[in-house]
2 protein chains.
Amino acid sequence: MARPRTHDETLRLRLLDEGGRLLAEQGPAALTVRRLAERAGTSPSAVYSLFGDKWGLVDEMFREGFRRFAERIAALERTGNPAADLNAVGEAFRANARANPHLYDLMFGEPFPEFVPGQETRAVAMGTFGALVEATGRCVDVGLLEGDPLTLATIFFGMVHGLTSLELLGWLPSPEQADAAWRRARLALYEGLRRVSTEV
Amino acid sequence: MARPRTHDETLRLRLLDEGGRLLAEQGPAALTVRRLAERAGTSPSAVYSLFGDKWGLVDEMFREGFRRFAERIAALERTGNPAADLNAVGEAFRANARANPHLYDLMFGEPFPEFVPGQETRAVAMGTFGALVEATGRCVDVGLLEGDPLTLATIFFGMVHGLTSLELLGWLPSPEQADAAWRRARLALYEGLRRVSTEV
DNA sequence: GTGGTTCTATAACGACGTTTCAAATCAATG
DNA sequence: CATTGATTTGAAACGTCGTTATAGAACCAC
């Protein structure tokens, strides 16, 4: 019937893999359609037949970032202590960011200002946030924290995201001090929220 | 001796002004050398004779962002209460971000991944961070907080930056709830840090 | 008016994302 | 086995970007 297809699933995975490598090794500016195609031994057209456009490819890498994060979250066991569980979510967030810094940048930085995640992708991203809301919610349920779980989760996320950004930028001192700062920050915020009621 | 100069200080200011307007109205992608020159009624060359290159212009807008922030910080009066002063710095940070969202994006987001601030500009930026370190330092001095002022400032900055990012992205609920979340987060972090010692 | 000097706007360059389109390839058909 | 037809691919072209080279415009001194 037709010419045999080479723009197939194999090439698709190869492009995603090589794209991630390009991003990690040389930064977002190096991720161009031409360069990527050359590295993968194909032509720029492949990106368009397999991903629609450049942002289609970026979208999949974006999702992969959240997939890996979700994996870590899912691996967390729910202990009997909601406060410890909440803490574990924060640690998982940080660990994931340090394990996949280029994907973290893709997820929460904006290395491609023109890229906006698709609706389905945004839903996936929001889903992982749901784990955080659930964690604060359980703290509220057992009376450890007070207030709206979503607002509490937002505050925690703000803190964790802020510290992670600073750490990846290298603005946190030595690794040991970074660990200490993280521990203290998380614990302080939690203890503070326990003591500071919703009516300020 | 020569042709009269039109690439002068007046045009320079006009370009900066028009650049800010472009950024605020249509986002970073719209800030191109050609478009800017056309808006300012000149040619692309003007950007190069006055700013070296595109990033020279962006660098000046970046500095303007920190200049405005420093202005707000300088306007804060030092009360007898270091805790209140620390709180005021956080509020000034938020207020500045809301008053100049496109400059905030320039300062702490990375709308132009290729742009790296010059050394002198980074020094200006770090200078404003010094005000925060000073605020935490005074809290330490009078025994309100414990630990290294720089680490404390980093924790506070992480929190404030995180919440500001979320607010500008529209991830914080209604304005009233945002206010409440901010108040509670700031107070909780402060009270938590008071109670959680450096030895965790 | 002419020459020399200084400055500007135009046009070109390479790279980008994207699109168009002809060449390439194989199954089905005669 | 040759031809047709459907389908996919890669090369070339388009418009845009930041940037640069350059031709010529605009002034002063003579």
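In the predicted model, a salt bridge (a side-chain nitrogen of Lys or Arg within 4 Å of a carboxyl oxygen of Asp or Glu) joins the side chains of E64(A) and R67(A), with an N to O distance of 2.9 Å. The two residues lie 3 residues apart in helix α4 (residues 54-75) of chain A, so about one helical turn separates them; helices are DSSP runs of H or I with at least four residues, numbered from the N terminus. E64(A) is partly exposed at 25% relative accessible area, and R67(A) is partly exposed at 42%. Partly exposed denotes values between buried (under 20% relative accessible area) and exposed (over 50%), computed with a 1.4 Å probe on protein chains only.

This is a predicted model in which local features need pLDDT of at least 70 and side-chain atom pairs count only at pLDDT 80 or more, while totals for chains, interfaces and linings use all residues. Residues are numbered from 1 along each chain as its sequence is written, chains are lettered from A and ligands numbered from 1 in the order in which they are written, and side-chain values use heavy atoms, leaving out hydrogens and water.

In chain B, R68(B) and E64(B) form a salt bridge at 3.0 Å, N to O. These residues are 4 residues apart in helix α4 (residues 54-75) of chain B, about one helical turn. R68(B) has a relative accessible area of 31% and E64(B) one of 25%. In helix α1 (residues 9-26) of chain B, R21(B) and D17(B) are likewise 4 residues apart, and their side chains meet at 3.2 Å.

In chain A, a network of salt bridges links R14(A), D17(A), E18(A), R21(A), E25(A) and R39(A). Over all chains, the count is 38 salt bridges.
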